[in-house]
Amino acid sequence: MTTPTLTVDGPRLWRSLMDLAAIGAYDDERTGLRGVNRLALTDADAAGRRRVVAWMEEAGLTVRVDRMGNIYGRREGTDPTAAAVLTGSHIDSVATAGAFDGCLGVLGGIEAVRTLNERGIRTRRPIEVAVFTEEEGVRFGTDMLGSAVAAGRLTLEYAHALTDRDGRTLGGELARTGFDGTEDVRLAPPHAYVECHIEQGPVLAGSGVEIGVVTGVQGISWQEITVHGRAAHAGTTPTRLRADAGLAAAHIIVRLRELVDSGEYGDLRATVGHLIVHPDLTNIVPARAELTVDLRNPDDAQMARAEEALAAFLRELEESGPGLSVTTRRMAKTAHVPFDEGVQKVIAQAADDHGLEHISLLSGAGHDAQEIAALCPTAMIFVRGEYDGISHNPREYSTPEACAHGVDVLATTLLRLAGQD
Ligand code: GLV
Ligand code: MN
Ligand code: MN
């Protein structure tokens, strides 16, 4: 006997996505488009959270909030003692986001529940929809933070003490926004976790396929580097007497690109997305430069070699002249995480049963799923993005049809996992 499929209400899903995107919306000067700025635990994020909680309650979910501000909405199963099937993602965003990153997984989970309700379907296992806190890591500096604490990789104390660039703590911002819940943050192992997300890259569009079955997530290494030099007058200080922190930062950026281009570190990607010099004035040699380094690599050994090569270069810089020193601070680090083959098979079968072509691919971006994978069998569904899958940008776009198809696959996958023994 084949298990039935579950087809969601695509226009209703789309309305939810657009309604949520209106919270924290801004006019993006560079693209001329409406973007989304909902950094974690800002007023905009809190407003988005309240909207999502309201939608959860309308869908009959019982909502609880844990001490990291992670939100869970639960739909009871016929066997309430059975471990739940968990889905979800995040609704915090980078400062220049589109409407889909993370939101598709959360709103897709709620849409799957609405559809189950309308069909009068009761599943054996409970189904829970999660909203994880600070997935992006751009406000407090560590990504996948809420899910990492829920999974036990990072401690609550570490997370609560993190500060944003204005010195505000995450713990304080949880209290300020009213999302300092009381539920235990350690998540009891679910039966399985499945997350639907936009691909955020060009692979699905390039292969003309709508659905990606995600095999895992590549390793991520984030660190902050501070170069200490010496401030000096721009006009009077001879070059030989300078310890120019800005110049050293430029050398770091160039060296990272050389590491990538050398091909000696596998499929390495390297990005310096944040760079600031002090005192940041036209006629002063920079005394200090702060930059962040984001490295990605599907191979953990190659990642370790790339990190060593960077560390060796930083030592070289220090030795290159008097007055320069370098300090580093680890922001985040995750290894390559492979996803569960059993859950991938359920997803692939669901896509087949919906008549949707699919391919398997590794995720280039980080996701909450990589943390929850430590607790239970986990995999993800990717939805195709337009414009080469551009993301973390207001141009991010997936069509209403692509979103609906991805959430059809999510809903059917949840139905089947929730029926498992
Ligand atoms: C999450 O968006 C990441 O940086 O991969
Ligand atoms: Mn995301
Ligand atoms: Mn993101």
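Why does Arg49 count as buried? Its relative accessibility is 2%, so Arg49 counts as buried. Buried means under 20% relative accessible area, exposed means over 50%, and partly exposed lies in between (1.4 Å probe, protein chains only).

The model is predicted: local features need pLDDT of at least 70, side-chain atom pairs count only at pLDDT 80 or more, and totals for chains, interfaces and linings use all residues. Residues are numbered from 1 along each chain as its sequence is written, chains are lettered from A and ligands numbered from 1 in the order in which they are written, and side-chain values use heavy atoms, with hydrogens and water left out.

View 1. A salt bridge is a side-chain nitrogen of Lys or Arg within 4 Å of a carboxyl oxygen of Asp or Glu. Helices (H or I, at least four residues) and strands (E, at least two) are DSSP runs, numbered from the N terminus. Asp45 also counts as buried, because its relative accessibility is 2%.

**View 2. Strand S7 is enclosed.** All seven of the seven residues of S7 (residues 192–198) are buried, so the strand is largely enclosed by the rest of the structure. In a regular strand the side chains alternate between the two faces of the sheet. On one side of S7 lie Ala192, Val194, Cys196 and Ile198; on the other lie Tyr193, Glu195 and His197. Strand S5 (residues 85–89) runs parallel to S7, joined by three bridges. Two strands pair if DSSP finds at least two bridges between them. Val85 has Ala192 as its bridge partner in S7. Strand S17 (residues 378–383) is also parallel to S7, with six bridges. There, Val194 is partnered by Ala379.

**View 3. Asp101 bridges two manganese ions.** The ions, ligand 2 and ligand 3, lie 3.6 Å apart. Which protein donors does the manganese ion (ligand 2) have? They are His90 (NE2), Asp101 (OD) and His197 (NE2), at 2.0 to 2.3 Å. Donors are N, O and S atoms within 2.8 Å of the metal (3.2 Å for Na, K and Ca); water is not among the atoms, so sites may look incomplete. Along the chain, the donors of ligand 2 follow the spacing H-x10-D-x95-H. Asp101 lies in the loop between S5 and helix H3 (103–119), while His197 lies in strand S7, 96 residues apart. Both Asp101 and His197 are buried.

**View 4. Four strands make an open sheet.** Their order is S11-S13-S9-S14, with antiparallel pairing. The edge strands, S11 (269–278) and S14 (325–334), each pair on one side only. Ten bridges join S9 (residues 219–228) to S13 (residues 288–297). Ser221 has Leu295 as its bridge partner in S13.

**View 5. Lys333 and Glu307 form a salt bridge.** Their closest N and O atoms are 2.7 Å apart. Lys333 is in strand S14 and Glu307 in helix H9 (residues 300–319), so the pair ties together parts that are 26 residues apart in sequence. Lys333 is partly exposed, with a relative accessible area of 37%. Glu307 is buried, at 14%.
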